[in-house]
Amino acid sequence: MSLLVPLYVHPAEDPGAWHRLITAAAGTYGVVLNPASGPGESPDPAFTAAAAALRAAGARLLGYVDTDYGVRGRAEVAEDVRRHREWYAADGCFLDRVTATPDGLSDCRRLVRAVRRLGAGTVVLNPGVHPAPGYARLADLTVTFEGHWSTYVSAFSRPAWTARLPPERLCHLVYGVPQALVPLAVRTAHERGAAVCGPVTGEPPNPWAALTPALNGTER
């Protein structure tokens with residue numbers, strides 16, 4: 001099981017969740033650090049300490065950066081990536097709200113090249129849907145589904161091009177999963193061609209504020 005964990009809660013608000021994440025770091029693909037819908041305006045000591053502990057435990061750290069579907073300029077996005085690397089020693093970046101249409105592909109390609117030049121070793125794109133095929137070739141990992149469990153089981157469809165990609169390049173982030181069905185959510189992601197997943201029981205507005213039971217050891 002390879003989990004992508006976007007734990008969007010402050011370490012001071014839920015230190016127990018962060019402790020469990022640190023102890024289970026070996027079971028993760030990566031941990032998304034999101035101090036303030038991005039790196040914030042200055043280093044956060046609590047996140048600095050959490051990042052250091054995760055790194056020592058062997059976790060890959062991915063700095064959260066909002067691209068706002070291409071509205072934010074490359075320089076602004078690049079500055080967020082730079083801050084994540086300088087303040088939290090992030091290994092890479094989680095580019096959220098990425099465009100998915102063919103006409104946005106060229107801009108996304110230039111953006112990925114820019115953040116790699118800054119030292120982002122791992123680039124994760126999150127359009128949250130299946131994008132035009134070229135996007136997945138730009139990144140190390142592409143999130144092709146982000147949504148509620150009810151939608152995942154009733155309305156998910158898989159484009160043919162995804163079958164040509166290694167499963168390790170695709171991720172499904174599913175929230176609202178009943179706790180007893182978390183193991184099923186993991187198996188379902190794998191059956192649908194995504195070797196990386198992130199099932200959580202939380203609901204909007206912030207379903208990622210709680211740690212997934214799969215990481216807690218409910219199912220291995």
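Q: Leaving aside neighbours within four places in sequence, which residues is Pro131 in contact with?
A: Pro131 is in contact with Ala100, Thr142, Thr144 and Trp161. Contact means heavy atoms within 4.5 Å.

Q: What sort of model am I looking at?
A: This is a predicted model, where local features need pLDDT of at least 70, side-chain atom pairs count only at pLDDT 80 or more, and totals for chains, interfaces and linings use all residues. Residues are numbered from 1 along each chain as its sequence is written, and side-chain values use heavy atoms, with hydrogens and water left out.

Q: Back to Pro131. Where does it lie?
A: Pro131 is in the loop between strand E5 (122-126) and E6. Helices (H or I, at least four residues) and strands (E, at least two) are DSSP runs, numbered from the N terminus.

Q: Is Pro131 buried or exposed?
A: Pro131 is buried, at 4% relative accessible area. Buried means under 20%, exposed over 50%, and partly exposed in between (1.4 Å probe, protein chains only).

Q: And how far apart are Pro131 and Asp103 in space?
A: They are 11 Å apart, C-alpha to C-alpha. In sequence, 28 residues separate Pro131 and Asp103.

Q: Thr144 was on that contact list. Where is Thr144 found?
A: In strand E6, residues 141-148.

Q: What does Thr144 touch, not counting residues up to four places away?
A: Gly128, Val129, His130, Pro131, Leu170, Cys171 and His172.

Q: New topic: the largest nonpolar core. Which residues touch the most other members?
A: Leu7, Trp18, Leu21, Leu33 and Leu54, out of 37 residues. Strand E1 (2-6), helix H1 (15-23), strand E2 (28-33), helix H2 (45-56), H3, H5, E7 and H6 each supply at least two residues of this core. A nonpolar core is a set of buried Ala, Val, Leu, Ile, Met, Phe, Trp, Tyr and Cys residues joined through side-chain atoms within 4.5 Å.

Q: What does Trp18 touch, beyond residues up to four places away?
A: Leu7, Val9, His10, Pro11, Leu33, Phe47, Ala50 and Leu54. There is also a second, separate core of 18 residues, including Val115 and Tyr135.

Q: At what angle do H1 and H2 pack?
A: About 25°, with their axes 9 Å apart. Axes are lines fitted to C-alpha atoms, for helices over the stretch in contact, and angles run from 0 to 180 degrees between N-to-C directions. That makes H1 roughly parallel to H2. Angles under 35 degrees count as roughly parallel, over 145 as roughly antiparallel, 65 to 115 as roughly perpendicular and the rest as oblique.

Q: Which residues meet there?
A: Trp18, Leu21 and Ile22 in H1 meet Phe47, Ala50, Ala53 and Leu54 in H2.

Q: What about H6? Which residues are buried?
A: Val182, Pro183, Ala185, Val186, Thr188 and Ala189, in a helix spanning 182-191. The buried residues of H6 pack against helix H5 (149-154), strand E7 (170-175) and strand E8 (196-199). Just after H6, Gly193 has a positive phi of about 90°.

Q: Now charges. How many salt bridges?
A: The count is 10. A salt bridge is a side-chain nitrogen of Lys or Arg within 4 Å of a carboxyl oxygen of Asp or Glu. Arg97 pairs with Asp68 in one of them, with the closest N and O atoms 3.2 Å apart.

Q: Which parts does that pair tie together?
A: Arg97 lies in the loop between strand E4 (92-96) and helix H4 (105-117), and Asp68 in the loop between strand E3 (61-66) and helix H3 (74-88), so the pair ties together parts 29 residues apart in sequence. Arg97 is partly exposed, at 30%. Asp68 is partly exposed too, at 25%.

Q: Where do Glu86 and Arg82 sit?
A: In helix H3, 4 residues apart, which is about one helical turn. Salt bridges that share partners join Glu41, Glu79, Arg82, Arg83 and Glu86 into one network. Glu86 and Arg82 themselves meet at 2.3 Å, N to O.
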